[in-house]
Structure formats: structure tokens, C-alpha cells
Amino acid sequence: MAQSAAAAPSIKRPRRQMPRLGPLEQWAEAERNQVALWTPVMLGSGIAAWFMLPDPRAWGAVMLAAGAVGLAAATLADGGRVMRSIGVAALLVVAGMLLAWARAESMRARILSRPVMADMVATVDAEEQLAARQIVRLTLRPVVARDGRGRSLSLPPRIRVSLAQEDAPAGLGRRARIRLRARMMPPAGPVAPGGYDFARAAWFQGIGATGRGFSPVQVLHPADQGPGLRESLSRRIMSHVPGSAGGIAAALATGDVGGIGQSDAEAMRRAGLAHLLSVSGLHISAVVGIVMVLTIRLLALWPWLALRVRLPLLGAATGAVAAIGYTWLTGAEVPTIRSCVAAMLVLTALAMGREAMTLRLVSAGALIVLILRPEALMGASFQLSFAAITAIVALHEHHAIRRWLGPHPDWRRAGLRQLAALLLTGLVVEAALMPIAVYHFHKAGLYGALANILAIPWTTFVAMPLEMIALLLDPLGLGEPFWWLLGHALQLLLRLAHAVSAIPGSVIALSVAPGWAFGLAVVGGLWIALLRTRWRWLGIPPLAVGVLVMVAAPAPDLIVTGDGRHAAIATGQGVALLRDRAGDYMRTTLSELSGADAEPVALAEQPAAHCGQDMCVTALRRGGRRWRIAATRSGYPVPWTDLIALCRQVDIVIADRRLPDACQPHWLKLDSPALRRTGGVSIRLDPPTVRTVRQPGDRHPWSSAS
């Protein structure tokens, strides 16, 4: 009987089948090389959340929520890329909030609680010459301080005082000890919603009070040494190149913008050329490039060395030293540090034979700056510099642009393509910077891209090489011809700035944009720049909505400063100011926050206003209703009976003093107690809306410190 043989077991290893990926996992797999680029974005999101949210309760709630999301993502990950990325992103948000919180606490120092007049002996910590404004700015560490009655005063450990240039005696400088009298006040917050927050910036600089010093200033112990290298170099440059051209030359070499006249600086801003005055990537790149070329060319003259050593490697090392020295010389500001870090990474990549300029490089630079100075994220400088470089690199990494700019047999067509690429790059950069400029400066430039096409090559290949040659030859007494050429080169740059800024419509003034719209535009822009698949175009809707809301934001009808002394009221042609003698800074700031580009006028000159020496009453028609507004405009007292009667007839009353309880206007009373709680106020009358600088429960240290 035949037996059936059992089948022998198979020893062949079964094929491992790849699991089917869902649509999200397929998308994440396609974008796997871009995931790391979001590391600084998510860390920055946590930093921004800490600055925007009001108090520890809100900070803790967001960190707990983000931590919960991270744990849930880790639990549900199951090897998937999407959930892992969400978990890491949530933890980065928590890390960003903790980083900002720790940095703010590490800078904790006493802040002056009220204005005082002080006679003090102090040690000079830093001296800054602002030649164009004819003032000297001193950072001081008080040793002894007394008030006008001789009583001891306790001042913050670090204060900043401005002196008129003619009042500054010889012997000032670092570690000098001086005696002076100064009026001190706490660092000022924003004038009104949307304004620059100097109080926050001063907190992270360790400055607890600012003020103005008065003559005479007595030097008890002169500085141990003369002006530092940076100050000496700035003065030497401006002695060879007069006027604002010399101020620009000093800014290019040392980052000192104090020698640039206000009208010229404003023209540079309106023409979109102000970035040339802030030492950043353009300047670092020019310095590194010039030093590398000179090093390689000079060392190539020594055949023995050229045959045995890689000269590009020596050139890169020399360029790295030049970048670090230039960063230190110019004060190590955030754009310069970012550019120096980027230069180091570029030089390292070149030395290793890798591609130099990538978004990973930009991401690494942003991450380093955020870890060292998380507060930089909230400043326009950080945002502008990283937005520009991200836009440039993302554009030139696109495969279509790479193909278009590739080698071409016809040099004329290749040159035209390079010129078109330069114009396209300028337009893309202007588009990337526009939301940031609108949010921080309330202005949008129209011709900046065209101006930069001329200004950037002129500065990089003409002005900066001339300045370097002049500085090198000056100790030998041979620099004068190059100083002369540099002065004329920078005068041409100023002429370009004035010509562009004078074109009608060169700058559009816009009102204060809502923060959520700015955030939406930033998210949309980053989504487009950092992704590579077709899903990147999903960033267009949030970018478009954010920009449209920012551009279309309605202007306020009334702005009141936190001290109640100044008010700006919208008219058909611009803004009218309550006080005729408002300073230049206040006039400019109130115009910008009102979304007006025209010079403000006096409220007393308006037909609808009735103003005396002490009070002003005006009327505005909004939303089919006539609003009456009354405001004090001098420091003299007004009879209370008259004031109470006036309050009953108006809708809004504004005062720089405490008003009686019986003063009850129809809608809003803004006297000194109310303004101390709210800070500056902006008001729209149709529909009635009030925005304040200070939010209830704000516990940020620069807001709550006394």
C-alpha cells in the first residue's frame, strides 16, 4: 500500500510586504526631507505664544495642552511619520514657551516705578555718539543717587541717559565715573495699540529707566582708555566722508547708524533700502567674499604653498575669521549673528564639498538665534532678515528656477536670464517682507524691488570694496582718493533713495493690522516656502486672507496716548493733533498708527473744533451719528463746575489728570486713573470699538514689575 509522503516544510523566508500608507503618510513620506525645517518654526511658535498670552495660567494651560498632544501622538504613532512629527512639534512648542519664560526671568531687574529727578554719581557702561541727532547716549550704572531734597534714591542697576552733544565733557567712555543731574522715567510701553514696545526691549537689555541728563556733567574719574575700536573707527570714517554719506559708510563698517541724518534715513526707509544700514547677510557675504578672494589670490603668488595646500580651504578659514571679527566689531546684533552663523555653515559646507546655500542652513541659523535670544523673534529685525533669506533660497531651490538659471551656450541669453532672475528675486523678497513691514511699520513700499536691483550690486561691488581698500590704505596715508570715491558712491545711493521715495505712491500708509491676520500670513508663507509637493499651494489661501485683512484694516478715528497728553483725531485729509507742540517722534508715531502719510495738522485749526488754551471740543460724524469729544490741552486746572457741565454734553472726554466722579460723559471717560489701567487707546466709532495697550491680567515681567 503506497503511503503519501508529507510535503516538506518550506525554508524560504516569506516576502515582507510593506504596509499600505494612507494619504497623509504618503504626503509625509514625500516631504520627509523638509520635516526638519519646521523645527525652528515650532520652537518659535512656542516663543510667540508666551509673548502673546497674558499670564502664567495661560502659559501653563498651553504647555499642558501641547504636552497632552505630544503624549497622544506618541501613543498613536505606531511607526507612522505623521504622528511622530505632530508629537515632536508639540514638544517643541512647550520647549519654546519654557525658553522664553526662562530668558525673561533671567533678565529680571528692578524697573523705576515713577518719574524722578535725580542727582547721581554713576559709572559709564557704554557710550554711543548719535551725531545726526547731536546727542550722546550713555548707559550708566548708578553708584549714589539723591532727589532734589537730598534724600537717598534707589535707582535700577542699569539706566540709559541722553545728553546734548555740547553738554558731553571730555573723558567720557567705558568705566568713567561721572556726576550729573537727570530726569528719569520708567521705560515707555507702546504709545498706542500697534506701537513699538520699548519697555519690552529695555527689559531684555537690562535697562530699568531712561531719561535726559542736564549740564553741567562732571567727570570724577575719566575713562580708563579712549573710545573703543568701534567708536574710533566710526569717527575716523565720518571724518573722511562728511554728512549722511559718512554715516552710511560707518554703518557699513561698524553698524553705527547715528551719523545718518533723519531725512536721509527716512528716504532710505521709504525706498526700501533701510536694510542696507543694518549689518546682515549682504554685508557679511561681501566681507567674506572679498577676504576669500584676496587671500586666495595673494597666496597663489607663492608657488610652494599653492602646490601643497588647498588654497580654497585657507581662504574659507580666513573668511570665517573675518566674519567673526566683523560681527564683533558691529556690536553682534541679531541680524549680524544670524548672518555670521550662516556664513560659518556655508564655509563649512564649501570646505566639505557640499552644497552651500540651502534651507537647512537657514533653519540652523534661525534655531541657534532662537535658543540664544528667544526675544529676537518678536522684533522686526529677526523677522525681516529670515523672511528675506528664506524667500531667496526657497525660490532658487525650485527645480524650474534651477533649470532656467542653468548653463546656456549663448552668453547673451544667459545674461538676460540672470538679470530677470535678479528682478524676480527682488519681487519675491518684497512680497515676503510686505506683511512684516505692514504689521510693524504700518507702511507698504511699491518700488523697493526696483531700487534694490540697483542698490544691492552697487553697495556690494562698489561701495564696500572701496571702503575696505580705504581702511587698509589709510594708515599708510594713501586712502584719501578712495575715501573721495566712496563719498561719491554713497551720495549716488542717497540720490537713488530720495528719487524713489519722492515718486507718488512710493509708500502706502496703512493702519494697525490685527495680530491674527499677520500670523495667518506668516503660516501661509512658511507653508509655501518649506514644502515641496503640490500641497504647498494650500498655503496660498491663508496667506491671501491674512494679507487682505492687514491691508484692509480700518483706521482708528481717535488715538489717545497713555499719559493723556496727546490725541490724534482722524480728518478727511489725515490726522489732527490735540497739542500743537508735539515732538517729532510723537507726531510721526501718531501719524503711522493712524494710517496717514500726510503731515499731521493742528486740531485747533479744524473747522469743527473749538479750542482754547486749556480745553478743546470737536465733533466727528461716524455711522450716522455726531460724536462730540472734549480734551484737556494744557497743565493748568479747569474749574470743576465748568468741567462737569462740559462732560454731560460730550460723548468722550480725555484728560491728563484725574477728573471728578461727577464728570460723566455719554460714552467714555479717559482720565489719568483710567489710562494707567489701559495704557494708550485707539478707538473706532463705527461700530464703537476700543483697543487698549494693556490687557487685564497681563503678567509679563516688563508690564507687572514696579
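Predicted model: local features only at pLDDT ≥ 70, side-chain atom pairs only at ≥ 80, totals over all residues.

Trainee: Got it. And how many helices and strands does the protein have?

Mentor: There are 24 helices and 18 strands. The C-alpha trace spans about 125 × 85 × 55 Å along its principal axes.

Trainee: What share of the residues is buried?

Mentor: Buried residues make up 46% of the 706 in the protein.

Trainee: Let's pick one. Where does serine 162 lie?

Mentor: Serine 162 is part of strand S3, which covers residues 159-164. Its relative accessible area is 16%, so serine 162 counts as buried, the cut-off being under 20%.

Trainee: What does serine 162 touch, leaving aside neighbours within four places in sequence?

Mentor: Serine 162 is in contact with Ile135, Val136 and Arg137, and also with Gly211, Arg212 and Gly213. Take arginine 137: it sits 25 residues from serine 162 in sequence, yet their C-alpha atoms are 4.4 Å apart.

Trainee: Nice. What about glycine 564, is that one buried or exposed?

Mentor: Glycine 564 is buried, with a relative accessible area of 0%. You'll find glycine 564 in the loop between strand S8 (558-560) and strand S9 (567-570).

Trainee: And which residues does glycine 564 touch, not counting those up to four places away in sequence?

Mentor: Glycine 564 touches Ile654, Ala655, Asp656 and Leu675. Leucine 466 is another story: glycine 564 and leucine 466 are 98 residues apart along the chain, and their C-alpha atoms are separated by 51 Å.

Trainee: Switching to rings. How many aromatic pairs does the structure hold?

Mentor: It holds 13 aromatic pairs. In one of them, the rings of tryptophan 50 and phenylalanine 51 have centres 5.1 Å apart and planes at 90°, so that pair is edge-to-face.

Trainee: How do the rings of tryptophan 50 and tryptophan 59 pair?

Mentor: Those centres are 4.8 Å apart with the planes at 35°, so this pair is tilted. Both tryptophan 50 and tryptophan 59 are buried, and phenylalanine 51 is buried too.

Trainee: Which residues do ring pairs link into a cluster?

Mentor: The cluster is made of Trp50, Phe51, Trp59, Trp101, Phe204 and Trp702.

Trainee: Which charged residue sits over the ring of tryptophan 627?

Mentor: That's arginine 625, whose charged end is 3.8 Å from the ring centre of tryptophan 627. There's also arginine 536, which lies over the face of tryptophan 537 at 5.2 Å from the ring centre.

Trainee: Last topic, helix packing. At what angle do the axes of H8 and H18 cross?

Mentor: Helix H8 (residues 262-270) and helix H18 (residues 480-501) cross at roughly 65°, and their axes come within 8 Å. The crossing is left-handed.

Trainee: Which residues of H8 and H18 meet there?

Mentor: From H8 you have Ser263, Asp264, Ala267, Met268 and Arg270, and from H18 there are Leu493, Leu494, Ala497, His498 and Ser501. Sorted by class, this contact has five nonpolar, three polar and two charged residues.

Notes:
Residues numbered from 1 in each chain as written. Heavy atoms only, no water. Phe/Tyr/Trp six-rings, centres within 6.5 Å; stacked < 30°, edge-to-face > 60°. Buried < 20%, exposed > 50% of the residue type's maximum accessible area, 1.4 Å probe, protein only. Lys NZ or Arg CZ within 6 Å of the ring centre and 35° of its normal. Helix = DSSP H or I, 4+ residues; strand = E, 2+ residues; numbered from the N terminus. Contact = heavy atoms within 4.5 Å. Axes fitted to C-alpha atoms, helices over the stretch in contact; angles between N-to-C directions. Left-handed = near helix turned anticlockwise from the far one by under 90°. Nonpolar A, V, L, I, M, F, W, Y, C, P; charged D, E, K, R; others polar.
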